[in-house]
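Morning, everyone. I'd like to walk you through one structure, side chain by side chain. Please have the view open.

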Amino acid sequence: QVQLVESGGGLVQAGGSLRLSCVASGGTFSSYAMAWFRQAPGKEREFVARIRISGSSTYGLDSVKGRFTISRDNAKNTVYLQMNSLKPEDTAVYYCAADLLPYDPQNVARPLGYDYWGQGTQVTVSS
């Protein structure tokens with residue numbers, strides 16, 4: 001059983017930055033991939049970024065490439081999402097997720113490809 005707890009969300013003006021953190025407990029953090037998704041009101045949950053055990057990363061949205069960076073610190077059982085140059089359209093609840101299964105490229109961007117989820121942290125970007 002893996003528990004995930006996000007933090008770092010809040011209200012920020014457009015152009016500002018936030019760093020989200022997700023601390024994992026249970027299991028062996030260094031042995032599973034982690035990802036960030038987000039969900040805006042009335043919209044489906046969408047894939048933001050994923051970081052594999054090796055540290056390699058994948059970004060799912062063209063709109064965040066170059067602005068968001070996913071990273072992990074295995075010593076702290078923590079995955080981060082550094083968000084710069086924030087825009088109002090980045091407003092959403094951000095969730096971290098853990099994938100404990102063998103790598104399947106078809107499931108990288110799908111919520112069903114992840115086994116555990118955090119409770120989410122709200123990010124609001126004002127214009």
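First, a term. A residue is buried if its relative accessible area is under 20%. Now take Asp 90. Its relative accessible area is 0%, so Asp 90 is buried. Keep in mind that this is a predicted model.

Let's stay with Asp 90. Which side chain meets Asp 90 at 3.0 Å, N to O? That is Arg 38, and the contact is a salt bridge.

Asp 90 has another partner. The side chain of Arg 67 meets Asp 90 in a salt bridge, at 2.8 Å, N to O. Arg 67 lies in the loop between strand E6 and strand E7, and Asp 90 in the loop between E8 and E9, so this pair ties together parts 23 residues apart in sequence. Are these two buried or exposed? Both Arg 67 and Asp 90 are buried.

Salt bridges link Arg 38, Glu 46, Arg 67 and Asp 90 in a network. Across the whole structure, the search finds 5 salt bridges. One of them joins Asp 62 and Lys 65, at 3.1 Å, N to O. Look at the surface here. Asp 62 is exposed, at 63% relative accessible area. Lys 65 is partly exposed, at 46%.

Next, the rings. How many aromatic pairs are there? The count comes to 6. Take Tyr 95 and Trp 117. Their ring centres are 6.4 Å apart and their planes are at 80°, so the pair is edge-to-face. This pair also links distant parts of the chain. Tyr 95 is in strand E9, residues 92-99, and Trp 117 is in strand E10, residues 116-117. The separation is 22 residues. Tyr 95 is buried, at 13% relative accessible area. Trp 117 is partly exposed, at 27%.

Tyr 114 is buried, at 5% relative accessibility. Now put the pairs together. Phe 37, Phe 47, Tyr 95, Tyr 114 and Trp 117 are linked by ring pairs into a cluster.

Charges meet rings here as well. What sits over the ring of Trp 117? The charged end of Arg 45 does, 4.8 Å from the ring centre. Elsewhere, Arg 52 lies over the face of Tyr 103, at 3.9 Å from the ring centre.

Last stop: Thr 121. Find it in strand E11, residues 121-126. Thr 121 has a relative accessible area of 9%, so Thr 121 is buried. Which backbone nitrogen lies 3.2 Å from a polar atom of the Thr 121 side chain? The one from Gly 9. Leave aside residues up to four places away in sequence, and Thr 121 touches several others, including Glu 6, Ser 7, Gly 8 and Gly 9. Leu 20, Ala 92, Val 93 and Tyr 94 are among its contacts too.

To recap: Asp 90 is part of a salt-bridge network, and Trp 117 is part of a ring cluster. Thanks, that's me done.

Note on methods:
Residues numbered from 1 in each chain as written. Predicted model: local features only at pLDDT ≥ 70, side-chain atom pairs only at ≥ 80, totals over all residues. Heavy atoms only, no water. Phe/Tyr/Trp six-rings, centres within 6.5 Å; stacked < 30°, edge-to-face > 60°. Helix = DSSP H or I, 4+ residues; strand = E, 2+ residues; numbered from the N terminus. Buried < 20%, exposed > 50% of the residue type's maximum accessible area, 1.4 Å probe, protein only. Lys NZ or Arg CZ within 6 Å of the ring centre and 35° of its normal. Polar contact = N/O pair within 3.5 Å; in protein donor to acceptor, adjacent residues only side chain to side chain. Contact = heavy atoms within 4.5 Å. Salt bridge = Lys/Arg side-chain N within 4 Å of Asp/Glu carboxyl O.
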